[in-house]
Amino acid sequence: MKIIAINGSHRKGKNTATLLNALLEEATAGGATTELLELTDYNIKHCLSCNKCLGRPQCSITDDDMAAIGDKLLAADGIVLGSPVYWGNVTALMKNFMDRTRYMHMVKNMLAGKVGAAVTNAGLRNGGQEMALRIMESFLAAQGLHVVDCRNHDGPIMYSGVAGSLLADVKDGKVVWRKSVLEDEAAMLAAKQLGRNIVKLIKALRNN
Ligand SMILES: Cc1cc2nc3c(=O)[nH]c(=O)nc-3n(C[C@H](O)[C@H](O)[C@H](O)COP(=O)(O)O)c2cc1C
């Protein structure tokens, strides 16, 4: 069982990566082989909107790293997208990645039947996390993946999405910042639960 996480943060190894790594650690404990792919490490050109992928499942741009990433997506059973909130949205890196997967979708849904999930982190509380999650989850659903959420059906309800924030609180008019999302216990627990839920769904789909 292979699970790949794609980090659209412009900063490698920071908060979004922390959430993804917590999720992947949990997935590894459940028996998965995992990989974290940082989009900043890859050269991904912008989609040209040439529309050649309407007639064949292939991108006309071949002199960048997108085909290699596409091969990794095809080889995975689970795909997790992570993006910080930028302007209430996903990052430009994440959106560019999404655009370039169009060739996997237009002739046939090449990723159909896999399991997908998303995580996000923002500076503020209510800083756009729900929108960023919805954008990534809608993309995964359009690509034919089974989108899984982080709910823990056996325990107390503490979260409804992996949505970290750096703003911890406001005390006497002053903002209290977290040093990192590691201090956002609900988000870290949600990331771990999502890792378990992804493994559970992949196993259930395999047995059917
Ligand atoms: C260009 C830009 C736009 C941002 N827009 C928002 C925003 O709309 N809402 C918010 O709460 N935080 C916003 N932030 C803060 C980031 O979401 C936050 O710092 C996040 O933790 C970054 O993730 P990272 O640590 O993985 O890089 C923005 C940051 C940048 C650089």
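**Close-up 1. Tryptophan 87 sits in the loop between β3 and α3.** In this predicted model, tryptophan 87 has a positive phi of about 55°, even though it isn't a glycine. Most residues other than glycine have a negative phi.

**Close-up 2. Aspartate 172 is another non-glycine with a positive phi, here about 50°.** Look for aspartate 172 in the loop between β7 and β8 (174-177). Aspartate 172 counts as exposed because its relative accessible area, 82%, is over the 50% cut-off.

**Close-up 3. Asparagine 15 belongs to helix α1, which covers residues 15-29.** Is this side of the story buried or exposed for asparagine 15? Asparagine 15 is buried: its relative accessible area is 10%, and the cut-off is under 20%. Setting aside neighbours within four places in sequence, asparagine 15 makes contact with Asn121, Leu166, Ser180 and Val181.

**Close-up 4. The largest nonpolar core has 30 residues.** Within this core, Ile6, Leu73, Ile79, Leu81 and Phe97 touch the most other members. At least two core residues come from each of β1 (2-7), α2 (66-75), β3 (78-84), α3 (92-100), β4 (115-122) and α4 (129-142). Helix α4 gives the largest share of this core, with five residues. Apart from this core lies another one, of 27 residues, with Ile3, Ala5, Val115 and Ile198 among them.

**Close-up 5. Leucine 73 is one of the core residues that touch the most other members.** Who does leucine 73 touch, if residues up to four places away in sequence are not counted? The list runs to Ile4, Ile6, Ile79, Phe97, Thr101, Met104, Leu111 and Lys114. Of these, Ile6, Ile79 and Phe97 also turn up among the core residues that touch the most other members.

**Close-up 6. The largest pocket has a volume of about 510 Å³.** Its lining is made of 26 residues, and the closest to the pocket centre are Glu130, Leu133, Ser160, Gly161 and Ala163. Four elements, α4, β6 (162-165), β7 (167-171) and α5 (185-206), each supply at least two residues of that lining. Helix α4 has the largest share here, with five residues. Sorted by class, the pocket lining holds twelve nonpolar, seven polar and seven charged residues.

**Close-up 7. The largest cavity holds about 130 Å³ of space.** Of the 15 residues that line the largest cavity, Cys47, Cys50, Cys53, Cys59 and Ser60 are the closest to its centre. By class, the lining of this cavity comes out as seven nonpolar, four polar and four charged residues. The model has three cavities of 30 Å³ or more.

**Close-up 8. The cysteines around the largest cavity include Cys47, Cys50, Cys53 and Cys59.** How many disulfides does the model have? The count comes to zero. For cysteine 47, the nearest cysteine sulfur is that of cysteine 53, 6.6 Å away, and cysteine 47 is in no disulfide. Cysteine 59 has its closest cysteine sulfur in cysteine 50, at 6.5 Å; a disulfide needs the two sulfurs within 2.5 Å, so this pair is too far apart for a bond. Cysteine 47 counts as partly exposed, at 36% relative accessibility.

Terms used
Residues numbered from 1 in each chain as written. Predicted model: local features only at pLDDT ≥ 70, side-chain atom pairs only at ≥ 80, totals over all residues. Heavy atoms only, no water. Core = buried A, V, L, I, M, F, W, Y, C linked by side-chain atoms within 4.5 Å. Buried < 20%, exposed > 50% of the residue type's maximum accessible area, 1.4 Å probe, protein only. Contact = heavy atoms within 4.5 Å. 1 Å grid on protein atoms, 1.4 Å probe; cavity = no way out; pocket = protein on both sides within 12 Å on 5 of 7 lines; lining within 4 Å. Points joined across faces, edges and corners; volume = space filled by probe spheres on them. Nonpolar A, V, L, I, M, F, W, Y, C, P; charged D, E, K, R; others polar.
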